[in-house]
Amino acid sequence: MALPNPSDPAAYSYPWPLQGYENLPPLPDEKNEDSKSFRNEPSYALSKAYEEFPEPLRRDRRGGFDIHVYFREDDEQQLNYARALWERIRREFPELRIYRVWDKPIGPHPRGMFEVNVLTPAQFGAFVPWLAIWRGPLSALVHPNTAEPGVAAAAGELRDHSQRAIWMGERLTLDLSRFEEAAAARAGESTESPS
């Protein structure tokens, strides 16, 4: 079984967006007062996604999303900004899990960075918009942590860090080789060329 190209959305399967909403009456074509947006039928309950992450997002200790905030480690201004932002996050969002500032590339990450985990939709909804404003000159990768039945952990990590990734600022090239090699080994393949 060949591994999918992590940057090719066609290599993956997706749940049908209207699953659970079949055979409903058509939505109205009527516009709201702004004459641009569509009027929606009122709902008597908010989506469950306001309270818990939808599957296959993890709802355990690992958390639903990781946010990696990157800086150029050779740029003193960016390094200082990253350290100040890290402190601000710890003070303003003490309920979030935040890890040390790495002043060099580590794992798949090509620059110095620090990581923040969000465990609930409420944390995501508060922190990600806040970060969009306060990240300043820094880039951020927001990626889900998923657990899908029948999908090896490494294959899930590969997809989470590539096809499912959300970027703020400059999109960096991650070193996905560790995930690719682990997923290939799990699938009984080798990533080495035959000699």
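Me: Let's start with the strands. Over how many bridges do strand 1 and strand 3 pair?

Reply: A word on ground rules: this is a predicted model, where local features need pLDDT of at least 70, side-chain atom pairs count only at pLDDT 80 or more, and totals for chains, interfaces and linings use all residues. Numbering runs from 1 along each chain as its sequence is written, and side-chain values use heavy atoms, with hydrogens and water left out. Helices (H or I, at least four residues) and strands (E, at least two) are DSSP runs numbered from the N terminus, and two strands pair if DSSP finds at least two bridges between them. Strand 1 (residues 65-71) and strand 3 are antiparallel, and their bridges number seven.

Me: Which residue in strand 3 does Asp66 stand opposite?

Reply: Strand 3 also pairs with strand 2 (residues 97-98), in an antiparallel arrangement with two bridges. From there, Arg97 stands opposite Asn117. Asp66 faces that residue too: its place is opposite Asn117.

Me: How many of the residues of strand 3 are buried?

Reply: In a regular strand the side chains alternate between the two faces of the sheet. One way from strand 3 point Gly112, Phe114, Val116 and Val118, and the other way point Met113, Glu115 and Asn117, all of them buried. Buried means under 20% relative accessible area, exposed means over 50%, and partly exposed is in between (1.4 Å probe, protein chains only). Strand 3 (residues 112-118) is therefore mostly covered, with a buried count of seven of seven.

Me: Which residue in strand 4 is the bridge partner of Tyr70?

Reply: Strand 4 (residues 139-144) is largely enclosed by the rest of the structure because six of its six residues are buried. Both of its faces are covered, with Ser139, Leu141 and His143 on one side and Ala140, Val142 and Pro144 on the other. Strand 1 pairs with strand 4 in the antiparallel sense over six bridges. The partner of Tyr70 there is Ser139.

Me: And in strand 5, what is the bridge partner of Ala140?

Reply: Strand 4 and strand 5 (residues 166-168) run antiparallel, joined by three bridges. In strand 5, Ala140 has as its partner Met168.

Me: Now a side chain. With which side chain does that of His68 make a polar contact?

Reply: His68 sits in strand 1 and counts as buried because its relative accessibility is 2%. Setting aside neighbours within four places in sequence, its contacts (heavy atoms within 4.5 Å) include His109, Met113, Phe114 and Ser139. A polar contact is a pair of N or O atoms within 3.5 Å; within protein, one must be able to donate a hydrogen and the other to accept it, and residues adjacent in sequence count only if both atoms are side-chain atoms. At 3.2 Å, the partner side chain belongs to His143.

Me: How much space lies in the largest pocket?

Reply: A pocket, on a 1 Å grid over the protein atoms alone, is an open set of points with protein on both sides within 12 Å along at least five of seven lines, and lining residues have an atom within 4 Å of a point. Grid points are joined across faces, edges and corners, and a volume is the space filled by probe spheres set on the points. For the largest pocket, that space is about 800 Å³. Of its 28 lining residues, the closest to the centre are Pro15, Gln19, Pro54, Glu55 and Pro56, in a pocket of about 800 Å³.

Me: What about the peptide bond that joins Glu55 and Pro56: what is its omega?

Reply: Most residues other than glycine have a negative phi, and most peptide bonds are trans. Pro56 lies in the segment before strand 1. The bond from Glu55 to Pro56 is cis, with omega of about 10°.

Me: What is the phi of Asn23?

Reply: Asn23 lies in the segment before strand 1, and it is exposed because its relative accessible area is 80%. Ser35, also a residue other than glycine, has a positive phi near 60°. Asn23 is not a glycine either, and its positive phi is about 60°.

Me: Finally, how far apart in space are Ala184 and Gly136?

Reply: Ala184 is in helix 4 (residues 177-186) and is buried because its relative accessible area is 1%. Ala184 and Gly136 are 48 residues apart in sequence, and from C-alpha to C-alpha the distance is 38 Å.

How values were computed: 1 Å grid on protein atoms, 1.4 Å probe; cavity = no way out; pocket = protein on both sides within 12 Å on 5 of 7 lines; lining within 4 Å.
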